[in-house]
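These are my notebook entries on a single chain, kept in the order in which I looked things up.

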Amino acid sequence: MFTGIGAELGEVAGIDHHGDAVSLTILGSTDGVALGESIAINGVCLTVTGILDGTFTADVMGETLSRSGLGALAPGDPVNLERSVRLADRMGGHLVQGHVDATATIISRTPAEYWDQVRITLPDGIARYVVEKGSIAVDGISLTVSALTPPGPKDGTGDGWFEVCLIPETLKRTTLGSRPPGEVVNLEVDVIAKYVERMLIVPEGDK
């Protein structure tokens, strides 16, 4: 479990391909990191399989590569890193599982004097879980939805969109500070919304 408050900006140091899986080597702080612990890379929960000289490795299976943007990473790319939260830690963002629900594309970014407004596509499959002023994780970063397309049919125009506003700290400490329009990001919606929907579904035998 994570909070979506990116603790560090790391870098892809190497990628080893193993059939339909890869092993990522990430340059970042390894102080206190142990084999087998969970670290979120761009919002994807992965298990540490090796630690050496300021780097750690993590294996990424085919399912994860197909459902996230990790498959497009290349050596030298920056990545958002977050270690799993402890029960005694403050919940600085929102509950983030590190399980990507969908990928999306940055549509535009509009700089203001002290912050950026970023518009991102909102796939129809997860749109029902996203609300204005609610939380969403973009590449593992917990953000507040500032605006989005209204619910309902899109008249054949494709997916809707949502907007987030990035403060200077987020621009400086995460990959979202430099991601241009057209790039793909990982999305994870608020898991509580999914549980509520599941509980409201009435089984056929109970109708």
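I looked up isoleucine 39 and found that its bridge partner is leucine 46 in strand 4. I take helices (H or I, at least four residues) and strands (E, at least two) as DSSP runs numbered from the N terminus, and I call two strands paired if DSSP finds at least two bridges between them. This is a predicted model, in which local features need pLDDT of at least 70 and side-chain atom pairs count only at pLDDT 80 or more, while totals for chains, interfaces and linings use all residues. Residues are numbered from 1 along each chain as its sequence is written, and side-chain values use heavy atoms, with hydrogens and water left out.

I then followed the pairing of strand 3 (residues 38-41) with strand 4 (residues 44-52), which is antiparallel over four bridges. The two form a hairpin with two residues between them, and in the turn asparagine 42 has a positive phi of about 50 degrees. Strand 3 is also joined by three bridges to strand 6 (residues 78-83), again in the antiparallel sense, and there I noted alanine 40 opposite glutamate 82.

Apart from neighbours within four places in sequence, threonine 30 is in contact with Ile51, Gly54, Thr55 and Phe56, where contact means heavy atoms within 4.5 Å.

I turned to alanine 147, which sits in strand 10 (residues 141-148). With neighbours within four places in sequence set aside, the contacts of alanine 147 are Trp161, Phe162 and Glu163. From alanine 147 to leucine 81 I noted 27 Å, C-alpha to C-alpha, for a separation of 66 residues in sequence.

Last, I recorded the totals. The chain has three helices and twelve strands, and 41% of its 207 residues count as buried. Among contacts between residues at least 6 apart in sequence, 69% join residues at least 24 apart. The C-alpha trace spans about 55 × 55 × 40 Å along its principal axes.

Notes. Buried means under 20% relative accessible area, exposed over 50%, partly exposed in between (1.4 Å probe, protein chains only).
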